[in-house]
Amino acid sequence: MRVVRPEMKSRRISVSQMRGLEKAMYQASEADKWKVGVVLEADRMGVEAENAFLKTLEEPPANCLLLLITSNPDRLLPTILSRCVQLPLITNAKREAYDGEEDLLEVLAKLGKAGFGSVGVH
């Protein structure tokens with residue numbers, strides 16, 4: 001699991017951080033193991049970082065899960081949003097679940113309880 005968060009003085013996520021995440025997602029992993037990439041405060045990516053990340057979203061590697069966490073999804077490029085499933089984690093609004101949402105939440109809960117193995121924070 002790799003975690004990317006804003007590090008620059010300007011609290012932005014840089015192009016090099018996103019390219020590092022992409023590189024990690026394309027590296028080989030053990031059979032039946034998933035690679036998980038988490039981008040915290042994803043709305044803090046600059047346009048260049050978002051554009052660099054689009055290729056991975058368009059053609060993600062096998063056994064790869066990418067989580068973009070943000071409280072401001074409207075600040076992401078429309079092309080990023082169009083390639084993502086939006087899953088509100090905290091909401092007061094009533095809404096209908098999308099197909100597979102309960103299954104996804106169940107898998108994420110199991111992974112959280114079991115641990116993710118090694119974690120790289122970059």
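1. Asn-63 is partly exposed, with a relative accessible area of 34%; here buried means under 20% relative accessible area, exposed over 50%, and partly exposed in between, computed with a 1.4 Å probe on protein chains only. Asn-63 belongs to the loop between α2 and β3, where helices (H or I, at least four residues) and strands (E, at least two) are DSSP runs numbered from the N terminus. The phi of Asn-63 is near 50 degrees, a positive value in a residue other than glycine. Glu-41, which is not a glycine either, has a positive phi of about 55 degrees; Glu-41 sits in the loop between β2 and α2 and counts as partly exposed at 34% relative accessibility. As background, most residues other than glycine have a negative phi.

2. On the basis of these values: this is a predicted model, in which local features need pLDDT of at least 70 and side-chain atom pairs count only at pLDDT 80 or more, while totals for chains, interfaces and linings use all residues. Residues are numbered from 1 along each chain as its sequence is written, and side-chain values use heavy atoms, with hydrogens and water left out.

3. The protein chain holds four helices and four strands, and, read along the sequence, these follow the pattern β-α-β-α-β-α-α-β. Of the 122 residues in the protein chain, buried residues make up 28%. Among contacts (heavy atoms within 4.5 Å) between residues at least 6 apart in sequence, 71% join residues at least 24 apart.

4. Helix α1 covers residues 15-26, and its 12 residues should span 16 Å at 1.5 Å a residue, which agrees with the 17 Å between its end C-alpha atoms; the expected span is 1.5 Å times one less than the number of residues. Gln-17, Met-18, Leu-21, Glu-22, Ala-24 and Met-25 are the buried residues named in α1. Seen down the axis of α1, its buried residues fall within an arc of 160 degrees, so they line one face of the helix, the arc being that of the directions from the helix axis to the C-beta atoms. On the other side of α1, Ser-16, Arg-19 and Lys-23 are exposed. The buried residues of α1 pack against β1 (2-4), β2 (35-40), α2 (47-58) and β3 (64-69).

5. Gln-17 deserves a separate look, since this residue of helix α1 is buried, with a relative accessible area of 10%. Its side chain reaches the backbone oxygen of Arg-5 at 2.9 Å, and the side chain of Gln-17 also reaches the backbone nitrogen of Ser-14 at 2.8 Å. Both are polar contacts, that is, pairs of N or O atoms within 3.5 Å, of which, within protein, one must be able to donate a hydrogen and the other to accept it, and residues adjacent in sequence count only if both atoms are side-chain atoms.

6. The 12 residues of α2 should span 16 Å at 1.5 Å a residue, and the end C-alpha atoms of α2 are 16 Å apart, which agrees. Buried in α2 are Ala-49, Glu-50, Ala-52, Phe-53, Leu-54, Thr-56 and Leu-57, and the buried residues of α2 pack against α1, β3 and α3.

7. The largest nonpolar core has 17 residues, of which Met-18, Leu-21, Val-39, Met-45, Phe-53 and Ile-80 touch the most other members; such a core is a set of buried Ala, Val, Leu, Ile, Met, Phe, Trp, Tyr and Cys residues joined through side-chain atoms within 4.5 Å. To this core α1, α2 and β3 each supply at least two residues. Not counting residues up to four places away in sequence, Ile-80 touches Glu-50, Phe-53, Leu-54, Leu-57 and Leu-68.

8. Turning to the strands, β1 and β2 run parallel and are joined by three bridges, strands being paired if DSSP finds at least two bridges between them. Arg-2 has Gly-37 in β2 as its bridge partner, and β2 is mostly covered, with five of its six residues buried. In strand β3 lies Leu-65, which counts as partly exposed at 22% relative accessibility; Leu-65 and Lys-35 are 30 residues apart in sequence and 6.3 Å apart in space, C-alpha to C-alpha.

9. Finally, Ser-82 is found in the loop between α3 (78-81) and α4 (101-114) and is exposed, with a relative accessible area of 55%. A polar atom of the Ser-82 side chain lies 3.0 Å from the backbone oxygen of Thr-79.
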